[in-house]
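Thanks for coming, everyone. Please bring the structure up on your screens, and I will walk you through it.

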Amino acid sequence: MNSGVITGRARAAATGVVVAFLLLGLIAASLLPGAGGVADFGQRNLPPSLAHPFGTDAMGRDMFGRVLSGLVLSLRIGLLAAGISVVIAVLMAGATALGRWPDRAAGFVTDVMLALPHLLLLLLLSFAFGGGTGAVIWAVALSHWPRLARILRAELLQLQAAPYVEASRGFGRSRLFILHQHILPHLAPQMLVGFLLMFPHAILHEAGLTFLGFGLEPSRPAIGVMLAEAMRHLSAGRWWLGVFPGLGLLAMVLAFDALGSAAERLTDPREGQT
């Protein structure tokens, strides 16, 4: 077996272990009742200590529990948003197999979405959906699919010229049958990689929208909410209010980005030839 393939699989396995431990920690934190949500005004603005590893905030809430709860919330939103975005990308790329006019219509919509400034599009969509958790999920999902749709469309065009697809077409199979039975199964690796690479962007944009005030409600233990609140206290020397939520978000984003990159190398046929 090629050493490059072995190295790629080892990296993917190591990254998968890191992500698995991260997920287990977040799931365990989500099972703790009221993690970081109990206010204790006698413990306000305490720096990190053994009792409170990440310190406490202005309401005396434990920042360690709040950061874990925020990461769990970001994880759920990222999974939903990235999943919906992948489905949209598949539908838009699949229009290529349905005929010339559906392909042109899907290409026009994709070009329009790519031409719009990304942050502005996110803000407009979140505002149009009324804000809140659902609005953030749909805003991120509806703004992240175009690039993956382009990749899937290019792959689909190559698959349409494959001999087995030509043979199936010669037997009189419909376009929907060919798309469902022959093309979509071969697009599964690209869909998985696209999902894994889209997930970190979804988390970051959710936190960015919330930080700007267009995302989740201030009552939710979201990372963006914590970072926005920390801006009012950093000048007073309460650095832990912003550092630990930011580091937690960065760790989760980098872990899933590394997992997506490893999966991309494993599904790239050129890796096996190096």
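One definition before we start. A helix here is a DSSP run of H or I with at least four residues, and the numbering starts from the N terminus. Keep in mind that this is a predicted model.

After H4 comes Gly130. The phi of Gly130 is positive, near 90°.

Now step back to the whole chain. How many helices and strands does the protein chain have? There are 10 helices and zero strands. Along the sequence, the pattern reads α-α-α-α-α-α-α-α-α-α. The protein chain has 274 residues, and 42% of them count as buried. Next, the contacts between residues at least 6 apart in sequence. Of these, 69% join residues at least 24 apart.

On to the inside. Nonpolar side chains in soluble globular proteins tend to be buried together. Here, the largest nonpolar core has 54 residues. Leu152 and Ile183 touch the most other members. Which helices each supply at least two residues of this core? They are H2, H4, H5, H6, H8, helix H9 at 223-230 and helix H10 at 240-267. H2 gives the largest share, 13 residues.

Look at Leu152 for a moment. Leave out residues up to four places away in sequence. Leu152 then touches Ala89, Val90, Ala93, Leu187, Gln190 and Met191.

Next stop, H5. Why is H5 described as largely enclosed by the rest of the structure? Because eight of its 11 residues are buried. Those are Thr133, Ala135, Val136, Ile137, Ala139, Val140, Ala141 and Ser143. What do they pack against? Against H2, H3, H4, H6 and H8.

Let's follow one of those partners. H2 covers residues 63-94, and H5 covers residues 133-143. The two pack at an angle of about 40°, and their axes are 8 Å apart. So H2 is oblique to H5. The crossing of H2 past H5 is right-handed. From H2, the contact takes in Ile77, Leu80, Ala81, Ile84, Ser85 and Ile88. From H5, it takes in Thr133, Val136, Ile137, Trp138, Val140, Ala141 and Leu142. Sorted by class, this contact of H2 with H5 has 11 nonpolar residues, two polar and no charged ones.

H2 has another partner, H9. Here the angle is about 135°, with the axes 8 Å apart. H2 and H9 are therefore oblique to each other. On the H2 side we find Met63, Arg66, Val67, Gly70, Leu71 and Ser74. They meet Ile223, Met226 and Glu229 in H9. The contact of H2 with H9 counts five nonpolar, two polar and two charged residues.

One more helix pair. H7 spans residues 163-170, and it packs against H8 at an angle of about 170°. The axes of H7 and H8 are 10 Å apart. Parallel or antiparallel? H7 is roughly antiparallel to H8, because angles over 145 degrees count that way. Tyr164, Val165, Ser168 and Arg169 come from H7. Phe177, Ile178, His182 and His186 come from H8. By class, the contact of H7 with H8 has four nonpolar residues, three polar and one charged.

First, Pro146. Pro146 sits in helix H6, residues 146-160. Is Pro146 buried or exposed? Its relative accessibility is 4%, so Pro146 counts as buried. Setting aside neighbours within four places in sequence, Pro146 contacts Thr110, Met113 and Leu114. Now find Asp111. Pro146 and Asp111 are 35 residues apart in sequence. In space, they are 7.9 Å apart, C-alpha to C-alpha.

Then Asn45. Where does Asn45 lie? In the loop between helix H1, residues 3-31, and H2. Its phi is positive, near 55°, and Asn45 is a residue other than glycine. Asn45 counts as buried because its relative accessibility is 15%, and the cut-off for buried is under 20%.

That's the tour. Questions, please.

Conventions
Residues are numbered from 1 along each chain as its sequence is written. This is a predicted model: local features need pLDDT of at least 70, side-chain atom pairs count only at pLDDT 80 or more; totals for chains, interfaces and linings use all residues. Side-chain values use heavy atoms; hydrogens and water are left out. Buried means under 20% relative accessible area, exposed over 50%, partly exposed in between (1.4 Å probe, protein chains only). Contact means heavy atoms within 4.5 Å. Axes are lines fitted to C-alpha atoms, for helices over the stretch in contact, and angles run from 0 to 180 degrees between N-to-C directions. Angles under 35 degrees count as roughly parallel, over 145 as roughly antiparallel, 65 to 115 as roughly perpendicular and the rest as oblique. A crossing is left-handed if the near helix is turned anticlockwise from the far one by less than a right angle, and right-handed if clockwise. Ala, Val, Leu, Ile, Met, Phe, Trp, Tyr, Cys and Pro count as nonpolar, Asp, Glu, Lys and Arg as charged, and the others, Gly among them, as polar. A nonpolar core is a set of buried Ala, Val, Leu, Ile, Met, Phe, Trp, Tyr and Cys residues joined through side-chain atoms within 4.5 Å.
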